[in-house]
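Here's a quick briefing to read alongside the coordinates.

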Amino acid sequence: MAGDTAPHAPTRTLEPAPLAGAPAPGAGGGNGDAPAATSGRARATRSADVVQTRASLIALAVLVVVFAAISPQFRTAGNLQQIIDAAAVLAVLATGITFVLMLGAIDLSLPGVIGACAMTVSLLVANSRNTQDLGLLGIALTILLGAAFGLLSGVLSTRLRIPTFMTTLGMSAIGLGIATILFAGVRPVVLDESLGAWASHRIAGFTVMSLIAVAAVALGWAIQRWTRIGRYAAAIGGAEDIVLLSGVPVARYKTLAFGVAGAFYGLGAVMLTARLGSGVVEAGAGTDFAAITAAVIGGTLLSGGRGGVLQSMIGVLALTVLANGLILTGVSPYVQQAVQGVIVVLAVAVATWPVRRRLGVVK
Amino acid sequence: MSNHVRPAAATSPVLAVRGLTKRYPGVLALDGMDLEVRPREVVGLIGENGAGKSTLLKSLVGLAQPDSGSIVVRGEEVRLRGVAHAASVGIGMVFQEQSLVPNITVAENILLGAEGSGVRGGLFRWRRMAELAQVQLDKIGSTVSARARTDSLTFAQRQMVEVAKVLALEERTAHEPVVLLDEPTSVLEREEVETLFAQVRRLRERASVVFVSHRLDEVLEISDRVYVLRNGRVVAEVDPAEVDATDLHHLLIGRESTGSHYHDDAQQQPAADVRLSVRDLQTAGCTQASFEIRAGEVLGVAGVQGSGREELCRALFGAVPGARGEVLLDGKPLRLDSPRAAVLAGVGYVPSERRTEGVVSSMSVTENMSMAHVGTVCRGPVIDGRRERALVDTWVRRLGIRTPSGDTAIGTLSGGNQQKVVLARWMVSEQLRLLILDHPTRGLDVGAKSEVYELIRELAGSGCAVLLLSDTLEEALAMSHRVLVMKDGRITACLDAPRGGKPDPVAIMEAMV
Amino acid sequence: MAARMNRSRGTALIGSVVVALALSACGESSAEAEGEGSGSTGACAPEDVTLVGQVRNQTNPYEAAWLEGGDAFAESVGLEQQKLTYDGDSQQQQEQIRQVLASGDASCTVINALPNGDSDTTPIVNAADGADAWLVTQWNKPADLDPTAYDRWVAHLTYDGVESGYQIAKALFEEMGGSGGVIALQGILDTAAAQDRFLGLQKALEEYPDITLLDDQTADFDRATALEVTRTLLTQHGEEVGGIWAANDDMALGAVQALEAAGVDGVAVAGIDAVPEALEAIADGSMTATVSSDGPWQGAVGLAMGYCAATGELDVASIDAEDRAFFAEQFLITEDNVGEFSDPQLDMSEFDCDSLFSRATGPIAAS
């Protein structure tokens, strides 16, 4: 969210009343900060980053150790495979949303984008509703559709200067609308065997889908590490006004980051469809919050500039282990949801503990 | 003291400012400023707050658009549209509050937006990036690793990275750049300052430098020429070899006392009883501060930016986490852990950043005024609108706040009237015992300033203790009964300033810098 | 624009007043005729009737089929059904009802609604009653709200969840040969449907002592959740699992996918709702049983009841009190009879005004 107001920030912070101290295109701080405080804050920032990643890893480790101690089934190799398989879709979605969160923006478009992409892919590969049989091409087109949704969110946010909260929420509604039209009352059952094999065929004990997810996460990490989109996304999240002052076309790179995110949502939708065996409009329900929660637990903060794809993966594993472990340890279904909520809040609290503002104001 | 080889005076200037004028509402920030920077020289700029230094620098990097006058770069007049544009003609600035992105590497910051061969086919080539950045770091002999994350560096190291970033203009523009250094030494340790100076001297081998500092001795030490600014114009151009700090002090202050402006005759003797007693106050940027304020006394705190006086004030108001020390208000311990505790104890605070911390622009005058003391206009949990309005009307009249009505959004009022609302917020409280004023006249025009001074006199006259941080030394001296001087986080002097016996500003200046 | 609308609305009003006057003049002997707009029989010309079908959304096969059934009925009487979906949002549902009723004279409007939850039914009933519209509600209703207290709330129908849960449990246990372990996938725990269906399972368990309930977990009526939960439960209970009881077909289908992905054969799965995919699964043997409430029939019969009442062919006051709030018949679908349900055809004779209540199996109050 902070990323949306930031384009205006230079005018605000750089033209204070003429007598008001020094110009301050500083790292997001109020210009009332004394310089000494600035350097103190930078030190806190550094340790915060390390502490956050470490805290997230510790939270994950604690969950694993506790569940392993209580439940013998949790300790089995089969359950490890199950956890990896179960985490696959969320991992891909969280990879995508990480690019948006790095900007300091937010993305609530997942339910709609995934719904539209799930219907699209199930109607483009061999299915029970029509005679299409595009196979891999259909999957590729679906990923492109996801990217198009992302680019549209980005364009609306940057060009029309609408907060991403609103544009992506609207995009979700548009996606669901398209999905409902495509659904037309009859669920298309996926008959394409290679897509079906994503969920059922195993290589070295892991489903094809898990391996695709690992590859996708690796690709996401590479994009973040080696491309302008990834690097500028981090820089924009760190200090958008400074990046703007350096002459970087910020709006373009923000839009592209949304596009990358959308492509990952498209892939996630394909994976969900393979798993469910048919095109389901509501396939993406709740994924936006799951992906955001995973990212935040991992240390990719909503304020932008922090964390990254690999950090988000810690959160994905933590959430998946939690859901899996609560069942295996026999926690009553009637209290699971509450327990899950408490643990998630605790994890986020631990992960964000070091981040303090001057007066501790949190919005 | 100067062992520099003086550049030939005949050399044509690389940068010239001619008759630059910039007016902000109520203030003439630049008033026909003229100066020039020649190739490979270090030009010092000194002036009090409000002399026009910041506005000049902002104009030179395109962040402020002058109303008239011209900026001439290498013989060509330019209208600078922004930092990127200024960079393209070879002018770069090292900002006081630093303009590096914290969460990326040093190399990325140095090359941000102009990676050149560091990015090939859309992919970052980290080794090449590091090499390119290293070229710039080598120019100033910095040992910082180009691959380090920027926020892992010390402030001084980051400053060097900024200098390196500005030097990258050399390759991009094929000219020797002009490097503007805005208060580069204000938060540096003495050794770091030495390092910086060594680098500025290296810099002079390949660039022109404009050096802005509060510390006169430093300016004299490093500069080839020094411009003294006052009231938006150059009042003197001096050769550092021929003047000393005391000469500069006189040039800096150089204005007659305007007694009536400060309502001098309204200054009354404070009571004998101690209102606030501070022992060994310890907080980030301010160490072991001990002092007392009596009831009805105005205590000025003088010091340059970074002297720790802002931190001191914020700490007393409970707005700095982790402040420690023995603080007694009327003999009772004052908690320093939250602004609320301070307010309940009878401490008020008028922040310097009126727009971001002083008022809520979108709320009405009434709401802004009764904010801190909603309790006094409440009936149970509900705000009594009638009582609130009556109270506000009284104060609007008493302070002569020019507002169409109490329901007007405060953001639409002039700065002076906004500030009066903020002052009224605290004066409303009958139990106000100490008011901390952090640059209360910042950004106000002369008339509004005078009105604020009158209010401060009135407050002190009614027995309230006032801690005053002033924009200018003159203001601090005129308004205060005593003046504390701070430097580098410590109190270095405390001078009496009774009516008719104000101390010499030069003495204070010497304790400040 | 506004003026023109007022005028046309006015014309319609005058028209119906004239009709009503004429009617009351003719029907002087009928003491119950209280004039235009109220009373338990309507006097609308068939072509003046507005048919409204309202469900949560069209994104699942069941509710889509419901609306299709409504379309089929509307077509059979030469009308069109106005289809409304409110996305599971109670506020939006109420707003839609208000809009439908606000558009002029509502005394010939028929609403067949699926209230979002029990508590949403009361305001819908009150709004419809206040506007003299004909209303049929399905599935959700507070226990103490009784259609017999209203003239134009024709009926409320629902299905006995205990019975559904019981029927599929029995079919499942028979398939397992009467012994073994089952796991149960519950719906959203605080809904009556989930609770009743689970009660039905427990009732069946009492009759089959050799069947043990290994575990019960909620999967929120959701397919993806059911898939994950099932996979985890398979890890936990392994070979012991002989059957999976799911509180709806979506979860059952998720379980089938989980079994497939885990490469487990020979586990029987049963669900509720008879969505098309479940019928296919039953046909190919990957599912054992489901229960059909017959969505198309629900979509049609609600409109039919209102239509018959609005046109005067059905006197609401004369309907048997037991039929004003009733459980409708549901059908257990197994391998044996799945063919009959695969391509459901509405039997239009069921919507004749005198056979509307043929599927009633008993009053709701009885359970």
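The domain bounds used here come from an automatic or database domain assignment. On that basis, chain C splits into domain 1 (42-159 + 295-329 + 347-366) and domain 2 (161-292). Keep in mind that this is a predicted model.

**Domains**
- In chain C, the C-alpha centres of domain 1 and domain 2 sit 32 Å apart.
- Chain B also has a domain 1, covering 22-253, and a domain 2, covering 259-512.
- For chain B, the C-alpha centres of domain 1 and domain 2 are separated by 35 Å.

**Where chain C meets chain A**
- Chain C puts 25 residues into this contact, and chain A puts in 30 residues.
- On the chain C side, the elements giving two or more residues are helix H2 (61-76), strand E7 (211-218), helix H7 (223-237), helix H8 (249-262) and helix H9 (276-283).
- Sorted by class, the chain C side has nine nonpolar, nine polar and seven charged residues.

**Confidence in chain A**
- Chain A averages a pLDDT of 83, with 82% of its residues at 70 or more.
- Among the elements of chain A, helix H5 (residues 110-124) has the highest mean pLDDT, 97, while helix H2 (residues 9-14) has the lowest, 33.
- Residues 1-47 of chain A have pLDDT below 50, yet this stretch has 120 contacts in the model beyond near neighbours in sequence.
- Residues 356-363 of chain A are also below 50, and that stretch has one contact beyond near neighbours in sequence.

Terms used. Residues are numbered from 1 along each chain as its sequence is written. Chains are lettered from A and ligands numbered from 1 in the order in which they are written. This is a predicted model: local features need pLDDT of at least 70, side-chain atom pairs count only at pLDDT 80 or more; totals for chains, interfaces and linings use all residues. Two residues are in contact if their C-beta atoms, placed from the backbone, lie within 7 Å. Helices (H or I, at least four residues) and strands (E, at least two) are DSSP runs, numbered from the N terminus. Ala, Val, Leu, Ile, Met, Phe, Trp, Tyr, Cys and Pro count as nonpolar, Asp, Glu, Lys and Arg as charged, and the others, Gly among them, as polar. pLDDT is the predictor's confidence in each residue, from 0 to 100.
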